[in-house]
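Please keep the sequence and the coordinates at hand while reading.

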Amino acid sequence: MLLSELSPREVFYYFQKLASIPRGSGNTDQIAEFCMDFAKEHGLKARRDHANNVVIFAAGTPGYEKSEPVILQGHLDMVCEQEAGCGIDMEKEGVEVCTDGVKVWARGTTLGGDDGIAVAYILAILASDTISHPPIEALLTSDEEIGMLGARALDVSDLTGKRLINIDSEEEGMLCVSCAGGVRVHLDIPFHKEQVDKADSCAYRIVVSGLLGGHSGVEIHKQRENAIKLLGNVLSRANRECTLSLVDATGGGKENAIPKMAEATVCLPMNQSHMLEYSVTEFLKLMHQELFMTEPELLITANPVDMPEQCMDQESTRRLIFAMQQLPDGMQKMSPEIEGMVQTSLNLGVLHTENNHVSMRYLIRSNTASGKQLVLEKVTAFTEYLGGTVTMHSDYPAWEYRAKSKLRETMIRTFEEVYQKVPEVTAMHAGLECGILAGKMMDIDMISFGPTLSNVHTPKESMDVASVQRSWQYLLKVLENLR
């Protein structure tokens, strides 16, 4: 079956066009040029900036000429992943789109439904002479998937709309009204070294593994165990029964992923080796009792390794074990406004040992600016108490929940009209471009929605055809109701 046979035909026509253009993040020249050519072909004012953001302006249709403008927003880039053996060069070629009439996917690669379907919707609206709508400011951003770079670079001085519809949600029936802001925080805690007495000492490698891990935004509410924190707990227990000296410690890999594994090398008196092994075994039994439902594959081992030349002194060891065990982590506060939503959290995602300090890296998230700041201050105070330093990176604002939103009211009312049921109004404890845009456009009223996409960012990505149809009809009815 061909994509051109699917309905709505005008949407899938443009989706096919987009799919034929290579548009991975950082490779958006061609897709930006395509959008500018589209605007020229349809006699629409448009601009393209140095970051490859494209803005297209369309007047309101008859009866809507004096209506307040609406900003329709999506991003031009896609994540490029492919199966082993796939011969497509995604830097130079588009993707091969397939459909069975129920789903749409790409052969051997990511589809780019995230966020190609938004761009296809917007172009289909702008190309139509039969769809009723207010004045439209179509905002097509670049490089969303690699840090929202387009939105960060965007000049909004010529955008006059005070209501914005972001089409970058991936589950039909959900209206997103808030997203978390975030900041990456790096902690450096110094330590002092001393020579090891090899004659009377031994060394062990303690490894925490088998945890589920997960995304530190969308899965933080599941309260999965953090391997770095568990390593701190097992070391703290062992250090009360033995005389430990840390050699090094490592764990995790990314600030936005809950660590699944962490490990440390320790030195101790040789005559205490059996005490260490017993302490680790007993701690594992305790954790199996505590976590048998949530972390059934948890494993903690302690095995002898070669002796190092140096280790940390006792004071440094004590401070670093205390830091691993007691630094804040996980869910901090639930939203008082949206039931079941995490408002503020932080994830201790990376631990590694340098020459003279241990580095720990966090991602702090909050759907309020104040929540992010309060947690940052807590982490900073804790680190400075231990003699360490704090640096911040990649700070981006939250899209905060609006207690009163005319756009939300219209979209809920229209949803009930189209679907004959109530939508799920929710918030995302992760980043959307709405957070960046909210920081640039004062008093902007925003909402995010979209059709159902599955397995995004993987070669198994697919898009539900019926959901695209329903979401299209919903979007058109929303535009009709936005007088």
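## A four-stranded sheet

Four strands form an open sheet in the order β4-β5-β25-β24, and their pairing is antiparallel; here strands (E, at least two residues) and helices (H or I, at least four) are DSSP runs numbered from the N terminus, and two strands pair if DSSP finds at least two bridges between them. At the edges of the sheet stand β4 (97-99) and β24 (453-454), each of which pairs on one side only. β24 is joined by two bridges to β25 (residues 462-464), the two running antiparallel, and Ser-454 has Ser-462 of β25 opposite to it. In general, the strands of a sheet pair through backbone hydrogen bonds, either parallel or antiparallel.

The model is predicted, so that local features need pLDDT of at least 70 and side-chain atom pairs count only at pLDDT 80 or more, whereas totals for chains, interfaces and linings use all residues. Residues are numbered from 1 along each chain as its sequence is written, and side-chain values use heavy atoms, with hydrogens and water left out.

## Nonpolar cores

A nonpolar core is a set of buried Ala, Val, Leu, Ile, Met, Phe, Trp, Tyr and Cys residues joined through side-chain atoms within 4.5 Å, where buried means under 20% relative accessible area, exposed over 50% and partly exposed in between (1.4 Å probe, protein chains only). The largest such core has 69 residues, and those that touch the most other members are Ile-56, Val-104, Ile-125, Leu-126, Ile-165, Met-411 and Met-463. Helix α3 (residues 113-127) gives the most to this core, contributing ten residues. Apart from it lies another core, of 52 residues, which includes Val-185, Cys-242, Leu-246 and Ala-249.

What does Leu-126 touch, not counting residues up to four places away in sequence? With contact taken as heavy atoms within 4.5 Å, Leu-126 touches Phe-38, Leu-44, Ile-56, Ala-58, Ile-136 and Ala-138.

## Pockets

Pockets and cavities are found on a 1 Å grid over the protein atoms alone: a cavity is a set of points where a 1.4 Å probe fits but cannot get out, a pocket is an open set with protein on both sides within 12 Å along at least five of seven lines, and lining residues have an atom within 4 Å of a point. Grid points are joined across faces, edges and corners, and a volume is the space filled by probe spheres set on the points. The largest pocket holds about 1,500 Å³ of space, and of the 41 residues that line this pocket, His-215, Val-218, Met-428, Ala-430 and Gly-431 are the closest to its centre. Two or more lining residues come from each of β8 (174-179), β20 (357-366), β21 (389-396) and β22 (424-428), with β22 giving the most, five residues. By class, the lining has 17 nonpolar, 13 polar and eleven charged residues, where Ala, Val, Leu, Ile, Met, Phe, Trp, Tyr, Cys and Pro count as nonpolar, Asp, Glu, Lys and Arg as charged, and the others, Gly among them, as polar.

The second largest pocket has a volume of about 290 Å³ and is lined by 14 residues, with Gln-223, Arg-224, Glu-225, Asn-226 and Asp-329 nearest its centre. At least two lining residues are supplied by each of α5 (227-241) and β18 (330-334), and α5 provides the largest share, three residues. This lining divides into five nonpolar, five polar and four charged residues.

## Cavities

How many cavities of 30 Å³ or more does the structure hold? There are three cavities of 30 Å³ or more, and about 40 Å³ of space lies in the largest cavity. Among the residues lining the largest cavity are Ala-19, Ile-21, Pro-22 and Arg-23, together with Met-78 and Cys-80; the lining comprises seven nonpolar residues, one polar and two charged.

## Backbone geometry

Two cis peptide bonds deserve a look. One joins Ser-7 and Pro-8, with omega about 5°, and Pro-8 is found in the segment before α1 (9-19). Another runs from Asp-114 to Asp-115, with omega near 10°, and Asp-115 is found in helix α3.

Positive phi values are also present in residues other than glycine. Asp-143, with phi near 50°, lies in the loop between β6 (136-141) and α4 (149-153), and counts as buried because its relative accessibility is 11%. Gln-223, with phi of about 55°, lies in the loop between β12 (214-215) and α5, and counts as exposed because its relative accessibility is 54%.
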